[in-house]
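I opened the model to look up a few residues and the packing inside. These are my notes.

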Amino acid sequence: MMDWLREHPEVKTIRVAAADLNGVARGKRVPSRFAEKLLTEGTKFPYSVLNMDIWGEDVEDSPLVFESGDPDGILMPTERGFMPMPWLDAPTGLLPLWMFHDDGRPYDGDPRQALARVVDRYKAAGLTPVVATELEFFLIDDSGGQLRVPPSPRSGKRRTGAETLSLRALDGFDRFFTALYDACEAMDIPADTAISEAAPGQFEINMMHQPDPLKAADDAWLFKMLVKGLARQYGFAGSFMAKPYEEWNGSGMHMHFSILDAEGNNIFDNGSPEGSDALRHAVAGCLAAMSGSTLLFAPHENSYDRLVPNAHAPTGIGWAYENRTSAIRIPSSGPKARRIEHRVAGGDVNPYLTVAAVLGAALNGIEDKAPAPPPIRGNAYEQGLAQLPATWTEAIETFATSPEIARIFPAHLIENFVMTKRQELHYMAELSDDETVELYLDTV
């Protein structure tokens, strides 16, 4: 890992960072001359730092704080190594971390460790998930009292209407997207297609499929950090807030996945358009865990403004072939590319927890050989399906008691996340709508 720093002698400082339960980067600034010590010995954060609320405050009555003396965990570099931070003025390196105990055991409250735990279940079964994410976000001018589409750096004009798949909308921000793709290349983030989406200033960038769920989640986490940082260089906000505009659709993070066996064969492929029994078992597992997982897919108060009927976000628990109104969609493809698209998560999620929840639920279904209900046809909003939790309060309580969630995540993480969300729920009641937007616009 030191090779990167030797190749970039202009880098004088580095950031070391880990994702907390909300996906917020928590870390330190360190002179690069101390990098080798970081690589060999790691660094220390209090365990409670990965369990902060969305304001960055301690969770009241958390056993991680006063009850235990707020002890430290050890943070070691992930396999990712150093990478540049192209949104900063001074050349800077970023070193992603994850948390362990002093004796080397993974810390159960670390969201990246939670995903690794799920990946280990797959490895034990001789299986490898292949994962890709699609991330939607808004470019927003928040310099005034009201959120607006930023003026195009090319034309200086604001496009206030929806421009789905509009080249004009993309070209209007060509300088930003060119810089974004250059930065993705430098950070080894496999950004693929970009499109303009269904709301003004809304865009989506897809990531390439890869047989490493940890790297896929890393890529999504780093991409969100990059978009938010780089957009500020261009004078506007890049926001993954689920629903910044009341009158327009919100942003999601759709996840595609297939599963390979030990010989590299896609277990969802049986040569037919419908896919295999394993595909239906995985779908059944995802459906069974969907209510319990909703808090992970919609972790903030604003998240529930997105999950409303007829807004291109699912509300019912169902699946279908080639149907974007359903929570789970089986896209049309050649048999070898047979895969599941999970469409519930908002853009405001922690990617590690979302990927872990989806893959863990799918494996539950495969292990149980769970039967899937019949796929729906037509508009999912009109099918009379069982519904996702409609409020933040309901989602918190459902997550806390879900047997499917208990099977996927360690009890310590579940307890921490529930305490965090109950605290946020309490204090969010004191905020105005404008204060809520101000809070979420950059943090999530």
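First, a term: a polar contact is a pair of N or O atoms within 3.5 Å; within protein, one must be able to donate a hydrogen and the other to accept it, and residues adjacent in sequence count only if both atoms are side-chain atoms. This is a predicted model, where local features need pLDDT of at least 70, side-chain atom pairs count only at pLDDT 80 or more, and totals for chains, interfaces and linings use all residues. Residues are numbered from 1 along each chain as its sequence is written, and side-chain values use heavy atoms, without hydrogens and water.

**Arginine 343.** I found arginine 343 in the loop between β14 (340–342) and α9 (351–368). (Helices are DSSP runs of H or I, at least four residues; strands are runs of E, at least two; both are numbered from the N terminus.) Its side chain makes a polar contact with the side chain of histidine 254, at 3.4 Å. A polar atom of that arginine 343 side chain also lies 3.4 Å from the backbone oxygen of arginine 324.

Is arginine 343 buried or exposed? Arginine 343 counts as buried because its relative accessibility is 5%. Buried means under 20% relative accessible area, exposed over 50%, partly exposed in between (1.4 Å probe, protein chains only).

**Serine 32.** I then went to serine 32, in the loop between β2 (25–31) and α2 (35–41). Serine 32 has 17% relative accessibility, so it counts as buried. A polar atom of its side chain lies 3.1 Å from the backbone oxygen of valine 11.
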